[in-house]
Amino acid sequence: MRSIIVVFMLFLSLAANATIDTYEFTDDANRERFQQLTNELRCPKCQNQNLAGSNSPIASDLRREIHRMLEEGKNNTEITDYMVARYGEFVLYRPRMSASTWILWYGPFVLVAVGFAVIWLITRKRKRVNEQQDDSLNDNDKTRLATLLDKGKAE
């Protein structure tokens, strides 16, 4: 009986820690901007979770900070710049175009172009090898080959 009470108290204490952040907004536009920003910004602690879906304490602090800045009247660019200045480009799911992120934006296109170039070179080389093999037959061998192929079609 005592163990059941201890387990019940344990579950009761865990439920007390599970809180939900609620924010009061002055208008619906700020509420939508808050949802958009928390979905677009990555939690610095969590690897691939946005601020809206993260339960880490730092994500809660950042949501509170975003709410404060929205209520102060700051625009999305100012809020994003603040987050990037504080936590780096990692917090952005869509990194900005800069010298350090150039490879992220253009790297896949370069790799696809290199792939097509390699495929083109391989097929060109194979075509040349096939043409050389065809040219290596003399006239006697070519007529003999044609005769054998005709016999194979007839059977």
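## Thr38 in helix H2

Thr38 is a residue of helix H2 (residues 28-40), where helices (H or I, at least four residues) are DSSP runs numbered from the N terminus. The model is predicted, so local features need pLDDT of at least 70 and side-chain atom pairs count only at pLDDT 80 or more, while totals for chains, interfaces and linings use all residues. Residues are numbered from 1 along each chain as its sequence is written, and side-chain values use heavy atoms, with hydrogens and water left out.

Thr38 counts as buried because its relative accessibility is 3%; buried means under 20% relative accessible area, exposed over 50%, and partly exposed in between (1.4 Å probe, protein chains only). With neighbours within four places in sequence set aside, Thr38 is in contact with Asn50, Leu51, Ala52, Arg63 and Ile66, contact being heavy atoms within 4.5 Å.

## Cysteines

Across the whole structure, zero disulfides are found, a disulfide being a pair of cysteine sulfur atoms within 2.5 Å. Cys43 is in no disulfide, and its nearest cysteine sulfur, that of Cys46, is 3.4 Å away. Cys46 is likewise in no disulfide. Cys43 is buried because its relative accessibility is 0%, and Cys46 counts as buried because its value is 16%.

## Val114 in helix H5

Val114 belongs to helix H5 (residues 102-135), and at 45% relative accessibility Val114 counts as partly exposed.

Terms used: Helices (H or I, at least four residues) and strands (E, at least two) are DSSP runs, numbered from the N terminus.
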